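These are my notebook entries on one protein structure.

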Amino acid sequence: MPLRNLASLCTKISGSSPSIPPSNHSLLLKFKRKIENTLELCHNSFVQVLRACAQFKGIGIGKQVHSLALKHGFQTNVFIGTALLDLYSKCGLPKDARLLFDEMSLRDLVSWNVMLSCNAVHGLVREAFQVFNAMRIDGFLWDEFTFSSFISCCCGDTKLGKQIHGLALILSLDSDVFVSCALVDNYMKSGDFKDAHKVFNEMLHCNTVSWNSIIIGYAMHGDSKNAMRVLTQMIQQGFRPDDRTLASVLSSCANQPAANEAAQVHNHSIKTGLDNHLSVSNALIFSYAKSGNILYASQVFQSIHKPDIVSFSSMISSYAFHGFGKEAIDTFEKMLKHGGIWPDKVVFLGVLSACSHAGLVEKGRAGYIDEAHDVVVNMPFEPDGDVLGALIGACKLHGNACLGKLVGDKLHELEPCKSVNYKLMSNIYVGLERWDEAVKVRRELERLGCDCMVAGCSWM
């Protein structure tokens, strides 16, 4: 590629993308000036620019820097090769990373670890095992970074996790904070709280990450009581929770009995300034709404300076769940005007649920239902059973049998043995006193052998 094109691209990216941190702006501009002035480029210049590209996921400029490095004869430079591995991994290109890794004539422990981490991050468990074994064959000794990445591949598999744990013990790597955190995380995911706490309690040096491993584990299992208990211990022992800590605790407080805990975490976030973090705000919306405090959820949403798709989808779904259909649709319209955010299937499901359950007569008439169907058909992804189920529910509410039949046929293709879909279609016909069609639907359900509808009875 001509050098002037790379220089112009550097200028374009560094000058127009607000997502690039100022420090990376400076690096790109410095790199551009070296090119323009035909100064000699050392390997360190390439490494710095590639690291900057990895931070803001600038794969376009990263690939061109890769090409320039090859032209400057840095094919065998292990530092540039490792930086490129990291770039491709963080940009979601594990296959490209593997191709590059296989072509590297020189590898060090860091490049092996980056390749292993790449496979682990992208869920390529078999490939991660292959790299792990190949390291030893090539004469490289596993270190704490190797094990912390490798353990993350266990995905909550207790048996496999214990085997890796045993190997770490043999190599005296179990006391390392990275390895210990990975072990705690794996044990918590598998529900082995006893072993998770055993590893945690034996850690010589705890930090926020290690505390988060325990708290996030309880949050994943919806155990708000223990999540709050560990959070309290963390604060009492002088550790400062971060936004990830609070967001995890809040996600476990999504029920009525835990409403008080959610309020306590909210108060703490305000005192520490963590309420300004988007992840905390989104978790507060979810927690308050699920515990019945839709007013507090709305207040948190209104306080967000730059809401994202999660913020909007959480608020729309929350309004719909609590029967505030007008507010759900107003929020949806606000999102469309916001710019830069495209609705996903969670948003569509929330809006359709609002229309079908909130009794919106004006917005729920046949014409609007037809419009909703057009929106579903033209969605940028294939509508799933939840979306179509919400739409057929709206058809039932407003007696639109014609559209209900179209949606029902599609729903039966996706979920042929889900009896509730047939029941919805049958109820549409019953509501319109079209008894013959209702009987046909129920007979079809019986023919498929998935009829789980029980005849009505009374215990009195």
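Entry 1: contacts and overall make-up. I looked at contacts, meaning heavy atoms within 4.5 Å, between residues at least 6 apart in sequence, and 60% of these join residues at least 24 apart. I note that this is a predicted model, in which local features need pLDDT of at least 70 and side-chain atom pairs count only at pLDDT 80 or more, while totals for chains, interfaces and linings use all residues. Residues are numbered from 1 along each chain as its sequence is written, and side-chain values use heavy atoms, with hydrogens and water left out.

I then looked up the secondary structure and found 27 helices and zero strands. Helices (H or I, at least four residues) and strands (E, at least two) are DSSP runs, numbered from the N terminus. Of the 460 residues in the protein, 45% are buried. Buried means under 20% relative accessible area, exposed means over 50%, and partly exposed lies in between, with a 1.4 Å probe and protein chains only.

Entry 2: the nonpolar cores. A nonpolar core is a set of buried Ala, Val, Leu, Ile, Met, Phe, Trp, Tyr and Cys residues joined through side-chain atoms within 4.5 Å. I found that the largest one has 98 residues, and that Phe 46, Ile 80, Leu 85, Phe 147, Ile 214 and Leu 231 have the most contacts inside it. Helix H11 (residues 177-189) gives the most to this core, with eight residues. Apart from this core lies another, of 19 residues, including Leu 388 and Leu 445. In soluble globular proteins, nonpolar side chains tend to be buried together.

Which residues does Leu 231 contact, leaving aside its neighbours within four places in sequence? I listed Ile 215, Pro 241, Thr 245, Leu 246, Val 249 and Val 265.

Entry 3: two helix pairs. Two packed helices are described by the angle between their axes and the distance between the axes. The axes are lines fitted to C-alpha atoms, for helices over the stretch in contact, and angles run from 0 to 180 degrees between N-to-C directions.

I first took helix H9 (residues 144-151) and H11, whose axes come within 8 Å and cross at roughly 10 degrees. H9 and H11 are therefore roughly parallel, a term for angles under 35 degrees. Glu 144, Phe 145, Phe 147, Ser 148 and Ile 151 in H9 meet Phe 178, Val 179, Ala 182, Leu 183 and Asn 186 in H11. By class, this contact of H9 with H11 has seven nonpolar, two polar and one charged residues. Ala, Val, Leu, Ile, Met, Phe, Trp, Tyr, Cys and Pro count as nonpolar, Asp, Glu, Lys and Arg as charged, and the others, Gly among them, as polar.

I then took helix H15 (residues 243-251) and helix H17 (residues 278-290), which pack at an angle of about 10 degrees with their axes 9 Å apart. H15 and H17 are therefore also roughly parallel to each other. In H15, the residues that meet H17 include Leu 246 and Leu 250, and their partners in H17 include Val 280 and Phe 286. The contact of H15 with H17 has seven nonpolar, three polar and one charged residues.

Entry 4: aromatic rings. Rings of Phe, Tyr and Trp (its six-membered ring) pair if their centres lie within 6.5 Å; planes under 30 degrees apart count as stacked, over 60 as edge-to-face and the rest as tilted. A search of the whole structure gave me 15 aromatic pairs. Phe 193 and Tyr 218 form a tilted pair, 5.0 Å centre to centre with 50 degrees between the planes. Phe 193 lies in helix H12 (residues 193-201) and Tyr 218 in helix H13 (residues 208-220), so the pair ties together parts that are 25 residues apart in sequence. Are these residues buried or exposed? At 25% relative accessibility Phe 193 counts as partly exposed, whereas Tyr 218, at 4%, counts as buried.

I also noted that Phe 129, Phe 132, Trp 142, Phe 147 and Phe 150 form one aromatic cluster.

Entry 5: loop residues. Lys 57 has a phi near 55 degrees, a positive value in a residue other than glycine. I found Lys 57 in the loop between helix H3 (43-55) and helix H4 (59-71), and it is exposed, with a relative accessible area of 53%. Ser 172 has a positive phi of about 60 degrees although it is not a glycine. Ser 172 lies in the loop between helix H10 (158-170) and H11 and is exposed at 55% relative accessible area.

How values were computed: Parallel < 35°, antiparallel > 145°, perpendicular 65-115°, else oblique.
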